[in-house]
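I opened the notebook for a structure new to me. My entries follow the order in which I looked things up.

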Amino acid sequence: MVSEKKVAAETKLAREIRMGDLDPDFKKEISKIPGIEKIKLCFQCGTCTADCPIARFSEVYSPRKIMRMTQLGMKDRLLSSESLWLCAACLTCVDHCPQGVDIAAVVRALRNMAVKEGIIPDVFKELTNNILETGYAYRIPELRLKKRLEKGLPPLPEADIEDVSKLFEVIAISNIAKMEKK
Amino acid sequence: MAELKYLLFLGCVIPYRIASYETSSRKVLKKLGVELVEMLEFNCCGLPIDGVNHDAMLLLAARNLCLAEQQGLNILTLCPGCAGTLRKVNKSLQEDKRLKERVNGYLKEIGMEFKGGKIAVRHLIQALVEDVGLEKIRGSIVKPLTGLRVAEHNGCHVLRPAKYIGFDDPENPVLLKRLIEATGAECLDYMYETDCCGAPIIGVNDKIPLYLAGDKLRNIKAVNAQALITVCPFCHMMFDINQPRIERLLSEKFGMPVLHYPQLLGLAMGFTPEEMALEELRVDATNLLNNNLKAQSKTGSSKIILGN
């Protein structure tokens, strides 16, 4: 669980910016990812945070801040920041950004980078593992499968797990699915 | 009208917890003359792990699209997350040759190839509005729900991002309202209507979505809506299954029945509450109908307003 208190402490820390911590090449590196090209165009108007339904109920979640930290190259802090995982991907900010920045795609790319460094919330390990082992994001209990038939619904098709595991192998993410939970 | 036939992409959340959405959708679509073909060997659309690895999402989605291409049938999904993901990937792979090449390079491993331009992906309400048509839906109503006042919650991915979805106006969505009005029920506006339910971050942080959904329920109650209508299994889970949790957290009682749109439509088409699996809902919806019917017979009028 991401606690507000923990993130608040993290945010306080984030107010201090040390030049030595900034990676000037980070925005170049990340803007090479398709869909993220426009990150440099963000002029910090804050429309994303103002219209964000999550930000309305969180003291700490701010897409605007995530965009600024990305531009400044605060890579380490960003990738270890728990607030990175608070975006619900409703895509309101994407539709509202006057500069056409795909904010949700930036957050997604940052999450992908964090995962590569081994930082991933348990719930995502579980989802990945469920898909690898069953083809479905959730493990559907036997009882539900039986109930489907009782209710006159057709049997749930079985996923081709062999195909899914081959695809996970070629992009080398099978290891994430097998990660131990914290 | 030509016969409508789709490949049904069920997704994961519906078979996991929301069978009532599937049951009601299948019956309603059948009555409207829509044929559903079971999509065999499908896998998760990919959206849940886009944050883990974007390529994994692309490949899972592309594999599903290839299955549909092989069958030569358009996909119908009940889940906006699946619809949005499959639509977006279908479009990006067609538009971006380099991306398509890369994805096809991976798909070779499983003997598949995405061709592109062969099939389309539709969410339930998009199919109802654009393919079946409001006229036909109105014509199917035998028990108009006159006097019933409800609110709607569109799933985000039914509408956003506008650039990829191109359905309705995400800032002022009206098509689900038109579908609701076709049943004879009234659809009310409420504050923060287009806001997300917050469900996708359950498991990372539960409090924010519970407060967010609670705020929406409060606003819905404030306009005296008798029920909330959803078209997304995730949103439904948030408002229905999680409603007792929300009530405990906020020390507030909502008692707001949450119906899937096809349940509402089915009732107006003359299906019984049992046939529409109303008893499977967490928040009791049987009173809603009883009260409404009682009120109708009491006043003997077809146009009645129920106070709250």
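I began with terms: two strands pair if DSSP finds at least two bridges between them. Helices (H or I, at least four residues) and strands (E, at least two) are DSSP runs, numbered from the N terminus. I noted that this is a predicted model, where local features need pLDDT of at least 70, side-chain atom pairs count only at pLDDT 80 or more, and totals for chains, interfaces and linings use all residues. Residues are numbered from 1 along each chain as its sequence is written, while chains are lettered from A and ligands numbered from 1 in the order in which they are written.

**Entry: the sheet of chain B.** I looked up one pair of strands. β5 (residues 149–153) and β7 (residues 227–230) of chain B pair in the parallel sense over 4 bridges. Ala151(B) stands opposite Leu228(B) in β7(B). I then read the whole sheet: it is open, has 4 strands in the order β6-β5-β7-β8 (chain B), and its pairing is parallel. At the edges I found β6 (186–188) and β8 (258–260) of chain B; each has a single partner strand, so one side of each is left without a neighbour in the sheet.

**Entry: helices of chain B.** How do α11(B) and α13(B) lie to each other? I found that the axes (lines fitted to C-alpha atoms over the stretch in contact, with angles from 0 to 180 degrees between N-to-C directions) of α11 (residues 207–222) and α13 (residues 243–250) of chain B come within 9 Å and cross at roughly 95°. The two are therefore roughly perpendicular, a term for angles of 65 to 115 degrees. Contact means C-beta atoms, placed from the backbone, within 7 Å. Leu210(B), Ala213(B), Gly214(B) and Leu217(B) of α11(B) meet Arg245(B), Ile246(B), Leu249(B) and Leu250(B) of α13(B).

Next I checked burial. A residue is buried if 20 or more other C-beta atoms, placed from the backbone, lie within 10 Å of its own. In α12 (residues 233–241) of chain B, 8 of the 9 residues are buried, so this helix is largely enclosed by the rest of the structure. Among them are Phe234(B), His236(B) and Asp240(B).

**Entry: chain A.** I counted 11 helices and 0 strands in chain A. Its C-alpha atoms fill a box of roughly 60 × 35 × 30 Å, taken along the principal axes. Of its 182 residues, 41% count as buried.

**Entry: where the chains meet.** The contact takes 50 residues from chain A and 45 residues from chain B. On the side of chain A, the largest share, 6 residues, comes from α10(A).

Note on methods. Angles under 35 degrees count as roughly parallel, over 145 as roughly antiparallel, 65 to 115 as roughly perpendicular and the rest as oblique. Two residues are in contact if their C-beta atoms, placed from the backbone, lie within 7 Å. A residue is buried if 20 or more other C-beta atoms lie within 10 Å of its own, exposed if 12 or fewer, and partly exposed in between; C-beta atoms are placed from the backbone.
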